[in-house]
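Hello,

Here is the structure I promised to pass on to you. Have a look at it first, and then read on for what turned up in it.

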Amino acid sequence: MTRHERVDAHPAPTSPWVISTRELGRRAGAMRTYQRTIPAPAGFSLGLIGIPEGAPIELDLRLEAASEGVFVSGTARAELVGECSRCLEPIADRVEARLGELFAYPDSATEATTDADEVSRVVDEMIDTEPMVRDAVLLGLPLAPLCQEDCRGLCPDCGERWADLDASHGHETLDPRWAALRGRLASATETAPDGDGSR
Ligand SMILES: [Zn+2]
Ligand SMILES: [Zn+2]
């Protein structure tokens with residue numbers, strides 16, 4: 001009962017993200033691969049685009065035993081759903097995130113010389129891949145997703161998509177430069193000496 005925090009941090013063996021390193025062993029150079037498809041939890045999205053909750057994330061993982069810990073590499077792939085940052089049309093895309101992270105052994109020098117939040121750990125001979133995959137996926141998401149590279153966005157006057165509008169689309173608004181010129185001409189006429197009228 002005295003080590004609550006540690007107990008909470010232990011990977012749940014039943015979580016699909018958790019992999020036991022027991023089969024891998026600790027002989028440096030030992031290697032195993034894992035394929036898993038895991039439904040996305042909440043939080044795998046950023047702003048306008050992301051992996052919808054429950055959509056499959058395909059993991060291709062390679063675990064290698066090293067002297068300091070287990071090096072995990074591979075890829076995470078998933079379908080993305082979002083909206084265009086210029087015209088707000090729904091878009092579908094894919095993300096393929098590259099993974100690479102060392103999970104330090106409990107008795108390693110890495111474990112001894114780093115804070116708990118700096119380096120992932122092997123805990124109870126298990127690794128929890130979710131934080132690593134989440135970070136890699138979020139980094140792989142486009143900050144400004146587009147429906148197409150040259151999306152022209154929306155007409156600033158009516159908010160319609162340019163893609164849906166005629167080439168001749170426009171609004172009857174006076175160009176401010178013309179408005180200024182017209183005003184100047186009008187006042188010039190008013191203040192002009194009425195030379196014509198004097199005759
Ligand atoms: Zn667009
Ligand atoms: Zn318009």
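How many bridges join β7 to strand β8, and do the two run parallel or antiparallel? There are 2 bridges between β7 and β8 (residues 120-121), and these strands run parallel. Strands count as paired if DSSP finds at least two bridges between them. One pair of residues to look for here is phenylalanine 103, which stands opposite serine 120 in β8.

Before going further, please note that this is a predicted model, in which local features need pLDDT of at least 70 and side-chain atom pairs count only at pLDDT 80 or more, while totals for chains, interfaces and linings use all residues. Residues are numbered from 1 along each chain as its sequence is written, chains are lettered from A and ligands numbered from 1 in the order in which they are written, and side-chain values use heavy atoms, with hydrogens and water left out.

Now the overall picture. The chain holds 5 helices and 9 strands, where helices (H or I, at least four residues) and strands (E, at least two) are DSSP runs numbered from the N terminus. Their order along the sequence is α-β-β-β-β-β-β-β-α-β-β-α-α-α. Of the 199 residues, 31% count as buried; buried means under 20% relative accessible area, exposed over 50%, and partly exposed in between (1.4 Å probe, protein chains only).

Back to β7, which also pairs with β6, in the antiparallel sense and over 15 bridges. Phenylalanine 71 has leucine 102 in β7 as its bridge partner. The two strands form a hairpin with 6 residues between them, and leucine 88 in the turn has a positive phi of about 65°.

Cys84, Cys87, Cys147 and Cys151 coordinate the zinc ion (ligand 1) through their SG atoms at 2.3 Å. Donors here are N, O and S atoms within 2.8 Å of the metal (3.2 Å for Na, K and Ca), and as water is not among the atoms, sites may look incomplete. Cysteine 87 is buried at 5% relative accessible area, whereas cysteine 147 is partly exposed at 29%.The zinc ion (ligand 2) has Cys155 (SG), Cys158 (SG), His169 (NE2) and His171 (NE2) as its protein donors, lying 2.0 to 2.3 Å from it. Why is the arrangement around ligand 2 called tetrahedral? Because its 4 donor atoms subtend angles of 102 to 115°. The spacing of these donors along the chain is C-x2-C-x10-H-x1-H. Cysteine 158 is partly exposed, with a relative accessible area of 32%.

Finally, a look at threonine 110, which sits in helix α2 (residues 109-113). Threonine 110 counts as buried, at 17% relative accessibility. Its side chain makes a polar contact with the side chain of glutamate 68 at 2.4 Å.

Happy exploring!

Note on methods: Tetrahedral: all angles 85-135°; square planar, octahedral: opposite > 155°, others 65-115°. Polar contact = N/O pair within 3.5 Å; in protein donor to acceptor, adjacent residues only side chain to side chain.
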